[in-house]
Amino acid sequence: MNRNKLTKRFLLLSAALTMALSQSAFAGETVALNLDDAMLRAFQTNPTVSIAQYELDSARASYNAARQSRGISISANHDSNRGGNNDAPKSIKNTHSNTLTAALPIFTGGKLSGTIKQAKANYQYNEVGVQRTYNEMRSTVTDGYFKMLQADNIQKLSAESVTRLEDHLKNVQAQYDVGVVAKVDVLRSQVELANAKQTLIQAENSYQVAEANMNKIVGLPMDTTLQLDNLLVYNAYDKNMDDCLAYAAEHRPELMQAKYGVDSAKGALMVARSGHMPQVSASATQALGSDHWLGDNRTKWYAGINVKMNVFDTGVTLSKIHGAEADLKKAEETYRDTVNAVNLDVRSNYLGLREAEKRISTTKLAVEQADEDYRIAQLRYMSGVGTNTDVLDAQVALTQAKTNYTKALYDYNTSKTALETSIGVPMSNPATAVKVQAAKTAEAVKATEAATEEAAK
């Protein structure tokens, strides 16, 4: 394969990737979407992901600044003045002075250590916050995806109900026309059909809202028509409650953030207590000055140790210490409350998952039974043995059974996602993986091109 063909292939691949991952679509466009595509689009377009990353960058910079404050700092100062005597002999002259000072903190009573501890805890908090944002984004995308699937299934079930009632009304009307059934059967069937059509209208509206919400999540125009892969199925979950609780204790981002909140409060307390400690620093200064610009004549230098200590400040430092101690206790209580909240969240989602799992099996059986009951009710009515009410009741029961089954599948899948989020199953950024793969592809193309050129020589 020559270089031109390789280049064309790479350009086509890049163009296809760009089109597939574009953050916008033409109005009214139909887009086929699976869950992986939806996740990728959401991570590329949703601002919460970028916000979390910028917060991490800011916290990293603050942490670096705190650590670097332990080192030597060098400052330069320049003064230019013009003045003279008010009394005789009057004279006017210029003075120019420069100082160059190097300073190094030796002992700060825990102020620097506390500041660094605070900055590190804040950085770790935001680092975990990025992972938390990823996990929450996965939950948002998955919930929106399944909600749209559920709305689509409910819409189809409502349409099936209307179709069944229309067919039944035709049969009832035909029998009424030949005098087999009473007018009341026709009227009751018409009423039930009208109610079913109203339910269908509501289901169609719910679907359109769910589709618009999904478009918002993945960054597409609101009127984009989506075609989703049907993932509303049952896949068994094999972890038990104890496994989930143990995993959450190690991986739930909120727990780690609460822990870092305690660390930050401890750092703040160290800073507050340093107000009662001496501050020791070393410095060296070179002074220059003259009556002409730039004032660069050497005049004097000095080096020494500076010790500064707060002797009395009317209780300001003590009040700051009391405030920091209260903040630390608050952070510790927040951590304890977060532990309990996480345990409750995991238990609730796990029990909800198992409840939905049981409902799947029972509602699936109910659908089979309701389908058979409706078939029998129709045959009995056509044979003149059953009543119109039996058929209509059986139709309602069938629609309800199918709806319950769909809701059970939806609840199970969303509960599984909620459980994975509550125990802290990590979510990676799919957009990063795409960039890495694109870079590898580009490198491979370059390497092939180089090998082809070498072979041509």
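**Note on helix packing and selected residues in the predicted model**

1. Helices H4 and H5 cross in a left-handed manner. The model under discussion is a predicted one. The axes of H4 and H5, the latter spanning residues 183-218, come within 8 Å and cross at roughly 160°. The two helices are therefore roughly antiparallel, because angles over 145 degrees are placed in that class. The residues that form the contact of H4 with H5 comprise 20 nonpolar, 12 polar and nine charged.

2. For the chain as a whole, the secondary structure consists of 10 helices and six strands. The chain has 457 residues, and 36% of them count as buried. Of the contacts between residues at least 6 apart in sequence, 82% connect residues at least 24 apart.

3. Which side chain does that of Ser-161 meet in a polar contact? The partner is Gln-395, at 2.8 Å. When neighbours within four places in sequence are left aside, Ser-161 is in contact with Ala-196, Gln-395 and Thr-399.

4. Thr-403 is a residue of helix H9, which runs over residues 388-423. With 13% relative accessibility, Thr-403 counts as buried. Its side chain reaches the backbone oxygen of Thr-399 at 2.8 Å. Thr-399 is also listed among the contacts of Ser-161. Not counting residues up to four places away in sequence, Thr-403 touches Ile-154 and Leu-157.

5. The packing of H5 against H9 may be compared with the arrangement in point 1. The axes of H5 and H9 come within 10 Å, with a crossing angle of roughly 15°. H5 and H9 are therefore roughly parallel to each other, since angles under 35 degrees fall in that class. The handedness of this crossing is right-handed. On the H5 side the contact is made by Asp-185, Arg-188, Ser-189 and Glu-192, and on the H9 side by Asn-388, Thr-389, Leu-392, Asp-393 and Val-396. By type, these residues are two nonpolar, three polar and four charged.

6. How are helix H2 and helix H5 oriented: roughly parallel, roughly antiparallel, roughly perpendicular or oblique? The axes of H2 (residues 35-45) and H5 come within 7 Å and cross at roughly 55°. H2 is therefore oblique to H5. Ala-38, Arg-41, Ala-42 and Thr-45 of H2 meet Met-214, Ile-217 and Val-218 of H5. The residues of this contact divide into five nonpolar, one polar and one charged.

7. Asn-205 is located in helix H5 and is partly exposed, its relative accessible area being 45%. The C-alpha atoms of Asn-205 and Gln-155 are separated by 8.9 Å, although these residues are 50 residues apart along the chain. Thr-163 is placed in helix H4 and counts as partly exposed at 41% relative accessibility. Between Thr-163 and Lys-197, which are 34 residues apart in sequence, the C-alpha to C-alpha separation is 9.6 Å.

8. The loop between strand S6 (298-308) and helix H8 (316-382) contains Val-311. Val-311 has a relative accessible area of 78% and is therefore exposed, as the class requires a value over 50%.

9. At 65% relative accessibility, Thr-314 counts as exposed. What is the phi of Thr-314? The value is near 55°, which is positive, in a residue other than glycine.

Terms used:
Residues numbered from 1 in each chain as written. Predicted model: local features only at pLDDT ≥ 70, side-chain atom pairs only at ≥ 80, totals over all residues. Heavy atoms only, no water. Polar contact = N/O pair within 3.5 Å; in protein donor to acceptor, adjacent residues only side chain to side chain. Contact = heavy atoms within 4.5 Å. Axes fitted to C-alpha atoms, helices over the stretch in contact; angles between N-to-C directions. Helix = DSSP H or I, 4+ residues; strand = E, 2+ residues; numbered from the N terminus. Parallel < 35°, antiparallel > 145°, perpendicular 65-115°, else oblique. Left-handed = near helix turned anticlockwise from the far one by under 90°. Nonpolar A, V, L, I, M, F, W, Y, C, P; charged D, E, K, R; others polar. Buried < 20%, exposed > 50% of the residue type's maximum accessible area, 1.4 Å probe, protein only.
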